[in-house]
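Biologist: I would like to learn how to read salt bridges in a structure. Could you walk me through them?

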Amino acid sequence: EAAIEAEARNGMESAGTYNNRGFEHLRLGDYNAAISDFKDALRITPDYGAAERNLTDALRLRRGGAVE
């Protein structure tokens, strides 16, 4: 949280920071927060492969599916 807030204040948002926080939300089962963070990562860097994969996993898990 603090890293993202500091980046936002400085106008230096990092897709990696959003992806990392999203992964932690995903690990904790907070799928909606994870999805939001992965989408923010992709807003900053649209071709960020890790965020795309993580978003796909989070959406699948939210629907009750398994991650492959």
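This is a predicted model: local features need pLDDT of at least 70, side-chain atom pairs count only at pLDDT 80 or more; totals for chains, interfaces and linings use all residues.

Biologist: Happy to start! How many salt bridges does the structure hold?

Modeller: There are 4 salt bridges. To call one, look for a side-chain nitrogen of Lys or Arg within 4 Å of a carboxyl oxygen of Asp or Glu. One of them joins Arg 21 to Asp 37, with their closest N and O atoms 2.6 Å apart.

Biologist: Which helices do Arg 21 and Asp 37 lie in?

Modeller: Arg 21 belongs to helix α2 (residues 15–27) and Asp 37 to helix α3 (residues 31–44), so this pair ties together parts that are 16 residues apart in sequence.

Biologist: And is Asp 37 buried or exposed?

Modeller: Buried means under 20% relative accessible area, and Asp 37 has 2%, so Asp 37 is buried.

Biologist: What about a pair within helix α2, such as Arg 27 and Glu 24?

Modeller: Their side chains meet in a salt bridge at 2.8 Å, N to O. Arg 27 and Glu 24 are 3 residues apart in helix α2, so about one helical turn separates them. Arg 27 is exposed, at 55% relative accessibility, while Glu 24 is partly exposed, at 37%.

Biologist: Where do Asp 57 and Arg 60 lie?

Modeller: Both are in helix α4 (residues 49–62), 3 residues apart, which is about one turn of the helix. Asp 57 counts as buried at 18% relative accessibility, whereas Arg 60 counts as partly exposed at 22%.

Terms used. Residues are numbered from 1 along each chain as its sequence is written. Side-chain values use heavy atoms; hydrogens and water are left out. Helices (H or I, at least four residues) and strands (E, at least two) are DSSP runs, numbered from the N terminus. Buried means under 20% relative accessible area, exposed over 50%, partly exposed in between (1.4 Å probe, protein chains only).
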